[in-house]
Amino acid sequence: MMVQKQVMLVRVSAQANNNKFYEVILHDDDTVTTRYGRVGSEGNAGVSGHGEAFYNRTVRAKNRKGYKETETVTNRTTVNAVAKERMNAAVHKGLSQSDE
């Protein structure tokens, strides 16, 4: 199965002791799978429905509950590229501040 759409949502609230994630994936065969749980755990996963409308409805419902979209990294190459980009930005910021 190929992924057509994917979103990772998180909800963090120190007052309510929430640190949860909710991942929604729309596959090319029209199935929608979800995975959810506390951040740091594998979570629970399964097929939740079918179709893009179901995918969109699920994401909107989670947004209404306070979940926010977050950046996801899917492979080691992307992790290294993102890390290098952030390191370069931090170094550049540090160098420009030392010139002042």
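Keep in mind that the model is predicted.

Let us start with strand E2, which covers residues 18-27. Most of this strand is covered, as eight of its ten residues are buried.

One partner is strand E1, made of residues 3-13. E1 and E2 run antiparallel and are joined by ten bridges. To see the pairing in the model, find Val 7, which stands opposite Val 24 in E2. The two strands form a hairpin with four residues between them. In that turn, look for Asn 17, whose phi is positive, at about 55 degrees.

The other partner to look at is E3, which spans residues 31-38. E2 and E3 are also antiparallel, and seven bridges join them. Here you can pick out Lys 20, which has Arg 38 in E3 as its bridge partner. E2 and E3 make a hairpin as well, with three residues between the strands. Asp 30 in this hairpin takes a positive phi near 75 degrees.

Now for the rings. How many aromatic pairs does a search of the whole structure find? The search finds two. In one of them, the ring centres of Tyr 22 and Tyr 36 are 5.7 Å apart and the planes meet at 15 degrees, so this pair is stacked; the cut-off for stacking is under 30 degrees. Tyr 22 belongs to strand E2 and Tyr 36 to strand E3, so the pair ties together parts that are 14 residues apart in sequence.

Tyr 36, with a relative accessible area of 37%, is partly exposed.

Tyr 22 also pairs with Tyr 67, this time edge-to-face, with 6.3 Å from centre to centre and 70 degrees between the planes. This pair links distant parts of the chain, since Tyr 22 is in strand E2 while Tyr 67 sits in the loop between helix H1 (52-64) and strand E5 (68-70), 45 residues apart. Like Tyr 22, Tyr 67 is buried.

How values were computed. Residues are numbered from 1 along each chain as its sequence is written. This is a predicted model: local features need pLDDT of at least 70, side-chain atom pairs count only at pLDDT 80 or more; totals for chains, interfaces and linings use all residues. Side-chain values use heavy atoms; hydrogens and water are left out. Rings of Phe, Tyr and Trp (its six-membered ring) pair if their centres lie within 6.5 Å; planes under 30 degrees apart count as stacked, over 60 as edge-to-face and the rest as tilted. Buried means under 20% relative accessible area, exposed over 50%, partly exposed in between (1.4 Å probe, protein chains only). Two strands pair if DSSP finds at least two bridges between them.
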